[in-house]
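Keep the 3D view open as you read.

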Amino acid sequence: MRIVLTGANGYVGKRLLPELLELGHEVICCVRDIDRLGIPPETLKLITIWEVDFLNEPDFNSIPTNIDVAYYLIHSMSSSTTSFDEMESKAARNFNLYMAKMKTKQVIYLSGIVNDKTLSKHLESRKKVENILFEGTSHLTVLRAGIIVGSGSSSFEIIRDLCEKLPLMITPKWVLTKTQPIAIRNVIQYLIGVILIEECYDKSYDIAGPDVLSYKEMLKLYAKTRGFKNWIFTFPVMTPKLSSYWLYFVTSTSYKLAINLVDSMKIEIIAKENNLQNLLNITPIPYTKAIDLAFNKIEQNLVISSWKDSLVSGRFKKNLTEFIQIPKYGCLTDHQSIHVTDVGATLNNIWSIGGNKGWYYGDWLWRIRGFMDKIVGGVGLRRGRTHATQIDNGDALDFWRVLLANKERKRLLLFAEMRLPGEAWLEFKIDENNILHQTATFRPRGILGRLYWYSLIPFHFFIFKGMIRNIAK
């Protein structure tokens, strides 16, 4: 059947897509920017891409038609601390207009559990979107999920960061709030299971795992599952703002996401009973088993998607293809070149840069730069990279964003998402004579930008020379 998948390059969408293709469905992937879909070439041959931004006025030219099912996996929580609810409502209304034109039979919306009378702004927005989608012409099935646990999910990565980095924690009182986590595998099973099931039309279901736990218990169980101990003490007078800063500095989350998460974590999220689990014959995965499954993926370098690769994990919400043409005028550059004897090995080194591998020279200086960026509200180095050896257009790579990753053309182009008085690019390219060119380009913003660049020239001299030399080894 013909299926529209919104959020196709998001955390859930990237995991749902191969499952739908495996079942033989024809999938139309919706993305705002076709150049950062981040899907392997072999998968691209099997799908149709529809470039659309549901925040813009609808354009009904060349839209897909006769759609059986559409997945609504869109949210804007990381984009803003104030207006994300307005953005989510607008996107949902425009989505309804498209679905009516496309004669879609069923819409499946992945939301969050909203069974508390006093909702956070995040969950209130999810509920509002649900109400808007019910106004559409398609049959709607809403799956309200608890906290999703899986390799690369924001919840899992935050818990992982906290436990791995802080064996002793002084925590806010919201760690005592009860919640009901669900494994990403179960989420995918539910999303697929309700396809064109008439009994599920025009209904909302809570979906969750079998364990009701406080956040403190989730942290303790994570440590136990991973084979170490942690000590957690609550500090009841810690304000939401301090809690947000606590999450922001210790974990890889952005401040915007942190403040919205803290707002939601104060509210108990427990699933209401329903018959969906039995109807679809799904076995709920316990929390500790979900952790084991996540690490199986991590240890085998099989993480398909990560929340960090979403554009909203960085600073720039623009279409990044605007930056793919490196400017020549008014820019400052550092260019290094070296002859390469083993092109394949050098390309592998380039494609492994950042994350746990580091930057091949002066890693401690890169870490200091990342810490400084975090202090002034930047993304820092904690995002790392999703896969140890693979890079896709649009991926996050420490405090860079991948603009272009083309191994056949032997070129990698990165754009800086750190806080700078200007804009910065870092390019690696091997030419037809097997010369590796490494070029750092900086377009300064005023006199402050120029002072910034010139103050770093002594460090650039050693870092960039050492980096290209070690990459070419």
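Start with Leu 332, whose neighbours, leaving aside residues up to four places away in sequence, are Ala 440, Thr 441, Phe 442, Pro 444, Arg 450, Trp 453 and Tyr 454. Keep in mind as you look around that this is a predicted model. Leu 332 sits in strand β14, which covers residues 332–339. Is Leu 332 buried or exposed? Its relative accessibility is 11%, and because buried means under 20%, Leu 332 counts as buried.

Now hop over to Glu 423, which belongs to strand β18, residues 422–430. Glu 423 is buried too, with a relative accessible area of 16%. What does its side chain make a polar contact with? The partner is the side chain of Arg 443, at 2.5 Å.

As a general point, nonpolar side chains in soluble globular proteins tend to be buried together.

Not counting residues up to four places away in sequence, Leu 426 touches Trp 359, Trp 400, Leu 412, Leu 413, Leu 414, Thr 439, Ala 440, Phe 464 and Met 467.

Next, turn to a couple of helices. Helix α6 (residues 184–193) is mostly covered, with seven of its ten residues buried. Those seven are Ile 184, Asn 186, Val 187, Ile 188, Tyr 190, Leu 191 and Ile 192. Helix α7 (residues 215–226) has twelve residues and spans 17 Å from its first C-alpha to its last, close to the 16 Å expected at 1.5 Å a residue. Which residues of α7 are buried? They are Tyr 215, Met 218, Leu 219, Tyr 222 and Ala 223. Around the axis these residues cover an arc of only 135°, so they sit on the same side of α7. Just after the helix comes Gly 227, with a positive phi of about 90°.

What about disulfides? A search of the whole structure turns up zero. Take Cys 29: the nearest cysteine sulfur belongs to Cys 30 and is 7.7 Å away, and Cys 29 is in no disulfide. Cys 29 does count as buried, at 0% relative accessibility, and Cys 163 is buried as well, at 2%.

Finally, zoom out to the whole chain. It holds 14 helices and 19 strands, and 56% of its 473 residues count as buried. Among contacts between residues at least 6 apart in sequence, 74% join residues at least 24 apart.

Notes
Residues numbered from 1 in each chain as written. Predicted model: local features only at pLDDT ≥ 70, side-chain atom pairs only at ≥ 80, totals over all residues. Heavy atoms only, no water. Helix = DSSP H or I, 4+ residues; strand = E, 2+ residues; numbered from the N terminus. Buried < 20%, exposed > 50% of the residue type's maximum accessible area, 1.4 Å probe, protein only. Polar contact = N/O pair within 3.5 Å; in protein donor to acceptor, adjacent residues only side chain to side chain. Expected span 1.5 Å × (residues − 1). Arc of directions from axis to C-beta. Contact = heavy atoms within 4.5 Å. Disulfide = S-S within 2.5 Å.
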